Amino acid sequence: MSIAVIYGSTREKGNTEWLTEYVISGLPVEKIYLRDYNILPIKDERHTEAGFQPVLDDYQVVIEQVLKHEILIFATPIYWYSMSGTMKLFIDRWSQSLRDKHLPNFREGLSKKKAYVIAVGGDNPSIKALPLLQQFQYIFDFFGTAFEGYVIGKASKPGDIQKDNKAIANAILMQKVLAEQLKSLEKEKS
């Protein structure tokens, strides 16, 4: 059993990253920083005879990394009541993967995964993150991915997240849940 953390922030060591690091402290994870990859938008060619055309970027490398893991943590700042553009662009490319002959079991693969979301926003994030959480819920429902939980943090300026005791307490709970999932799945495998 393994965990991939997909970071959607463009800022290094920002509030979302800090809170996520708190959650995964001591857990074996693969960290995937989307900001370190060149992921380009695609032209929607779902309904053309030739279908999607190949795009020369890093998306294929990233999605193959993600698919190796059973648990996925999506960490994103809350931008305009949604995920970051970096994260959205990555997920938009899943439309291409659904039709990619190199990933014939893409949908089935995602249906076997457990997903978590960590999001940080400014004022009133527990309300303003609702569209983001609903968006992730619909995405996970589409693929049959189990949406296991989320942590919402409040921070406007760098370092503010460290003052959000509620988010830190929820991060500790999520870490315990993840550790238990890893243990029980390891037992199942042996």
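1. Ground rules. This is a predicted model, in which local features need pLDDT of at least 70 and side-chain atom pairs count only at pLDDT 80 or more, while totals for chains, interfaces and linings use all residues. Residues are numbered from 1 along each chain as its sequence is written, and side-chain values use heavy atoms, with hydrogens and water left out.

2. The sheet. Five strands form an open sheet in the order β2-β1-β3-β4-β5, with parallel pairing. The edge strands are β2 (29-33) and β5 (146-154), each pairing on one side only. From one strand to the next, the twist averages 15°. Helices (H or I, at least four residues) and strands (E, at least two) are DSSP runs, numbered from the N terminus. Two strands count as paired if DSSP finds at least two bridges between them.

3. Strand β3 and its partners. Strand β1 (residues 3-7) runs parallel to β3 (residues 71-77), and five bridges join them. Isoleucine 3 stands opposite isoleucine 71 in β3. Alanine 4 stands opposite leucine 72 in β3. β3 also pairs with β4 in the parallel sense, over seven bridges. There, the bridge partner of alanine 75 is isoleucine 118 in β4.

4. Is β3 buried or exposed? Seven of its seven residues are buried, so β3 is largely enclosed by the rest of the structure. Both faces are covered: Ile71, Ile73, Ala75 and Pro77 are buried on one side, Leu72, Phe74 and Thr76 on the other. Buried means under 20% relative accessible area, exposed over 50%, and partly exposed in between (1.4 Å probe, protein chains only).

5. Helix α2. Residues 59-67 form helix α2, which lies across β1, β2 and β3 and runs at about 155° to β2. Axes are lines fitted to C-alpha atoms, for helices over the stretch in contact, and angles run from 0 to 180 degrees between N-to-C directions. Contact means heavy atoms within 4.5 Å.

6. Helix α7. This helix (residues 130-143) has 14 residues and reaches 20 Å from its first C-alpha to its last, close to the 20 Å expected at 1.5 Å a residue. The expected span is 1.5 Å times one less than the number of residues. Leu132, Leu133, Phe136, Ile139, Phe140 and Phe143 of α7 are buried. Seen down the axis, the buried residues of α7 fall within an arc of 125°, so they line one face of the helix. That arc is taken from the directions from the helix axis to the C-beta atoms. The buried residues of α7 pack against β3, α3 (85-92), α4 (94-97), α5 (106-111), β4 (114-121) and β5. Just after α7, glycine 144 takes a positive phi of about 80°.

7. Salt bridges. The structure holds nine. Each is a side-chain nitrogen of Lys or Arg within 4 Å of a carboxyl oxygen of Asp or Glu. One joins lysine 31 and glutamate 21 (2.8 Å, N to O). Lysine 31 lies in β2 and glutamate 21 in helix α1 (residues 15-24), so the pair ties together parts that are 10 residues apart in sequence. Lysine 31 is partly exposed at 36% relative accessibility, and glutamate 21 is partly exposed at 26%.

8. Two further pairs. Lysine 114 and glutamate 148 meet in a salt bridge (4.0 Å, N to O). The pair links distant parts of the chain, lysine 114 in β4 and glutamate 148 in β5, 34 residues apart. Lysine 128 and aspartate 123 also form a salt bridge (2.8 Å, N to O). Lysine 128 is partly exposed, at 27% relative accessibility.
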